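Trainee: Could you take me closely through the aromatic rings of this model, and then through the helix packing that goes with them?
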Amino acid sequence: MMAELRATSADYAALALPVVAVTGAAIGGVWLRAQASPARQRWLDSLTELRDRESPWVRVPASIDEDRLLGGLDLSATLAAGRPVLQQGLMPAADGGYMELRMAERQSAATVSSICSMLDHGELRLERDGFSEDLPVSACVIACDEALPDADPLDPRLADRLGMVCALDAVHASLIGPIETPVSIAEANLGWRSVRVDTASIQELQRIADALQICSPRPVRAALHTARALAALWGCEVASEQSILDAAAMCLINRVPGALQQLLSPPSDATEPEPPPRSTDTDTADVGNDTNASGPKPEEVADATAAVLPDQLLAGLASEHARQAKQRAGGNANSEVVGGLRGKPMPSRSGLPRGGRRLDILATLKAAAPWQRLRGGSLGQLRVKREDLKVRRFTEQTRTTTIFVVDASGSAAVQRLAETKGAIELLLAECYVRRDQVALVAFRGKGAEVLLPATRSLVRAKRALASLPGGGGTPLASGLAVATQVADAAFKRGETPVVVLMSDGRGNITLDGEPDPGLATEQALAVAREFAARGYVSLAIDTGRRPSARSQRLADAMRARYLALPFAGASEVNDVVREAAA
Amino acid sequence: MKAQSNRKPFPFTAIVGQEEMKQAILIAAVDPRVGGVLVFGDRGTGKSTAVRALAGLLPKMPVVPGCPYNSAPDPAAVSAGGKSDVKPKMIPVPVVDMPLGATEDRVVGALDLERALAHGEKAFEPGLLARANRGFLYIDEVNLLEDHLVDLLLDVAASGENLVEREGLSVRHPARFVLVGSGNPEEGELRPQLLDRFGLSVDVRTPTDLKDRVEIIRRRDEYEMDEAAFTRRWARREGTVRRKIAKARDAVSSVDVPETVLEVAARLCVGLGTDGLRGELTLLRASRAHAALAGRTKVEVSDLRDVAQLALRHRLRRDPLDDTDATVRVARALEALDD
């Protein structure tokens with residue numbers, strides 16, 4: 001009997017429920033890709049019903065404090081008891097159960113790191129506020145990822161550790177619900193670890209992972225666990241080929257957004273995101289049929305997988321996946337929202353909690369504690385004086401994002417592109433030292449494009465620059481318009497944009513991509529004035545053979561500092577950028 | 001799904017491939033003066049697994065009992081018989097794990113709040129730096145570490161002592177440790193100053209061979225299904241490596257470095273234009289540890305070649321105009337030695 005893919009994503013969403021209930025934390029967690037919707041709610045509700053009622057279910061809100069997540073000093077209890085009392089964090093509270101992570105894609109890098117460490121080691125190493133403890137924590141993380149396609153995706157470190165993947169956006173709520181399994185979850189829970197999976201099946205899963213360009217071994221391990229859980233739920237001692245294929249679909253193929261839906265729906269209605277409603281009962285009932293204990297026939301699994309994964313699709317998926325991986329790498333996982341009272345914590349300082357400054361309770365207590373005898377304080381009645389008060393300090397996260405807008409047109413390419421690249425590379429090295437972010441916009445031919453979204457990776461910036469071809473017209477207006485957008489985006493993220501335009505100022509392509517030097521110049525000046533209205537720091541470097549009045553005019557319109565490259569050495573340019581960034 | 005406390009680490013010898021990473025960790029275990037290891041690379045390549053496995057391979061060391069800083073017993077006091085009641089205690093060389101969420105007070109140490117609140121005493125509660133003294137300090141995702149903690153670590157690593165001036169406390173204690181860091185460069189680069197503090201640097205890549213990758217999954221799976229049985233199966237091989245390290249640790253200081261090897265090292269460093277003497281020193285120390293691990297009493301040029309990548313690749317001047325990978329540049333310089 002051939003193993004087959006199931007009919008719809010809804011089937012896999014339903015099938016994932018008992019698997020997660022059986023494996024729990026062993027699978028790491030669930031990457032639940034869905035907007036807040038009745039379907040997602042129903043899926044979560046179903047899992048809460050299926051799980052062992054004794055096990056905790058902890059909800060972690062978006063942008064949670066580290067104090068609350070990991071634990072910290074409990075002030076009132078500490079004062080009452082006269083000794084430090086730990087307030088348990090949400091993570092240790094989830095031990096033995098589930099941790100629902102709301103808006104997982106918005107969680108800070110620090111939160112993600114703590115969760116990854118917990119998933120890797122099954123414990124929380126607490127080194128905070130004078131506490132030093134190793135708390136065993138083994139929790140299944142349910143990460144609700146609401147990222148839209150063009151937004152920052154879920155942190156890849158976390159995604160890598162979440163073994164099960166469910167995409168619910170194209171699924172109707174009525175199709176989701178716990179399915180009947182021949183063996184109860186409690187029973188499968190006891191026996192799933194002893195289900196055998198032979199090496200050929202592992203090879204098969206690894207091959208599928210390779211085809212999907214999943215490099216990390218973690219998702220394959222999760223697929224093994226899933227196959228075991230499925231076999232146990234259907235009363236088998238050996239993972240059947242169907243269970244291997246199902247595991248591959250849920251843990252591997254689903255990892256590439258949209259891949260499973262594409263496989264499941266025939267190419268003709270690939271544009272139709274919602275699969276036709278079907279009864280889940282009839283689809284899932286046949287799981288048990290082929291799962292006799294005769295053992296899998298790996299060739300058949302291979303064939304089945306090959307049959308359902310056409311080469312072209314795989315190649316397409318692979319490149320899509322690679323593209324996304326690339327985007328992710330440049331994502332702003334590290335950027336934090338700016339505000340005078342947010343950012344990286346610094347050691348506390350004496351001061352009054354005024355003007356929104358927050359009291360650092362622990363530091364205040366520490367300052368007050370040694371004086372209690374002298375001041376006549378006692379247990380439960382601490383005497384805190386004004387000079388004991390400490391306030392939290394944060395460094396302002398005014399990170400600079402330098403946006404290079406490079407003229408790669410024919411006129412520039414011939415004479416100066418190489419020199420321009422050289423100058424930018426020197427600037428990049430400086431940006432790296434200052435830990436600035438760098439973005440790269442290039443314009444040539446008919447329009448402009450963002451070659452590199454804001455990143456701190458010097459290597460990527462260098463690569464993007466090296467592969468920048470030259471030639472074609474000079475769509476200067478488009479270049480400035482795109483640069484304005486990139487600068488706006490950086491500003492919204494709380495960064496300080498600095499725009500460096502490198503062009504000879506001879507725009508000859510209009511915003512619509514038509515060759516018309518007169519109109520193009522006018523448009524460029526208009527866009528430049530629009531840019532100037534935003535008040536960003538900018539620098540116009542004239543890369544022409546000799547300084548021209550045109551470039552000067554453009555720089556004036558942008559309210560940018562003007563520099564002519566022939567006279568400005570790279571280090572001079574750099575000084576100006578540094579000055580501008582400061 | 002109840003949590004198991006006291007989990008056994010994945011055995012070092014069971015890690016498939018990644019020979020360079022294993023080599024670097026062994027060298028650091030043999031001679032702490034090599035100055036730490038940085039493991040940078042792809043996700044899921046066993047970076048932190050390998051570092052955590054290190055703890056199981058280290059021999060024991062004598063300390064003054066009850067000393068929070070793992071101080072070595074004073075040989076003079078012992079031989080003079082002055083304090084015969086203080087018998088040195090043998091403890092495993094500490095491998096202290098610094099979690100990313102650690103607060104500064106726990107890293108450097110701070111006022112002991114309990115004693116302050118209950119007894120009004122001003123006492124110092126040592127932090128992670130104290131615990132790591134004479135051992136290893138491991139930071140996973142070292143490239144994501146907060147800047148103020150990086151500054152602090154740089155200072156302590158350079159001076160070998162931890163200076164605490166906070167909350168009215170003024171404490172100074174030794175903090176000599178081998179810094180071990182790991183991370184994924186895609187998530188952010190390491191500050192050059194911190195990069196420079198690492199003696200050896202390893203670049204780990206996902207293995208491309210299907211057979212290796214399947215073997216990784218298989219072993220990890222066996223381990224996860226039954227940790228105790230798996231570690232038992234690997235106990236013999238772990239024991240062999242442990243003995244090898246212990247022997248090399250004893251022998252390393254007496255390993256001889258011939259003049260010819262010194263010359264080759266100098267030529268290599270000059271050829272690569274590495275800054276300062278640190279590269280050359282690390283290169284020689286690592287070669288010595290490498291020879292000791294092989295059971296030899298004299299360093300050979302082949303030892304130097306084997307460790308050159310580890311010791312030098314992160315010390316090359318970053319030239320924004322040269323895109324060549326550092327590993328390739330070191331390899332070229334090694335080839336040039338033959339001419």
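Mentor: A residue is called buried under 20% relative accessible area, exposed over 50% and partly exposed in between, with a 1.4 Å probe and protein chains only. This is a predicted model, in which local features need pLDDT of at least 70 and side-chain atom pairs count only at pLDDT 80 or more, while totals for chains, interfaces and linings use all residues. Residues are numbered from 1 along each chain as its sequence is written, chains are lettered from A and ligands numbered from 1 in the order in which they are written, and side-chain values use heavy atoms, with hydrogens and water left out.

Rings of Phe, Tyr and Trp (its six-membered ring) pair if their centres lie within 6.5 Å, and planes under 30 degrees apart count as stacked, over 60 as edge-to-face and the rest as tilted. Over all chains, a search of the whole structure finds seven aromatic pairs. One of them is the stacked pair of A:Trp57 and A:Tyr98, at 5.3 Å centre to centre with 25° between the planes. Because A:Trp57 lies in strand β2 (residues 57–60) of chain A and A:Tyr98 in strand β5 (residues 98–101) of chain A, the pair ties together parts that are 41 residues apart in sequence; strands here are DSSP runs of E, at least two residues, and helices are runs of H or I, at least four, numbered from the N terminus. Both A:Trp57 and A:Tyr98 are buried.

In chain B, B:Tyr223 and B:Phe230 form an edge-to-face pair, 5.9 Å centre to centre and 70° between the planes, and both of these residues are buried. Ring pairs link B:Tyr223 and B:Phe230 with B:Phe10 and B:Trp234 into a cluster. B:Arg237 lies over the face of B:Trp234, at 4.1 Å from the ring centre, where a charge sits over a ring if NZ of Lys or CZ of Arg is within 6 Å of the ring centre and within 35 degrees of the ring normal.

Turning to the helices, the axes of α1 (residues 19–30) and α12 (residues 278–293) of chain B come within 9 Å and cross at roughly 95°, the axes being lines fitted to C-alpha atoms over the stretch in contact, with angles from 0 to 180 degrees between N-to-C directions. That makes α1(B) roughly perpendicular to α12(B), a term for angles of 65 to 115 degrees, whereas under 35 is roughly parallel, over 145 roughly antiparallel and the rest oblique. B:Gln23, B:Leu26, B:Ile27 and B:Val30 in α1(B) meet B:Ala286, B:Ala289, B:His290 and B:Leu293 in α12(B), contact meaning heavy atoms within 4.5 Å.
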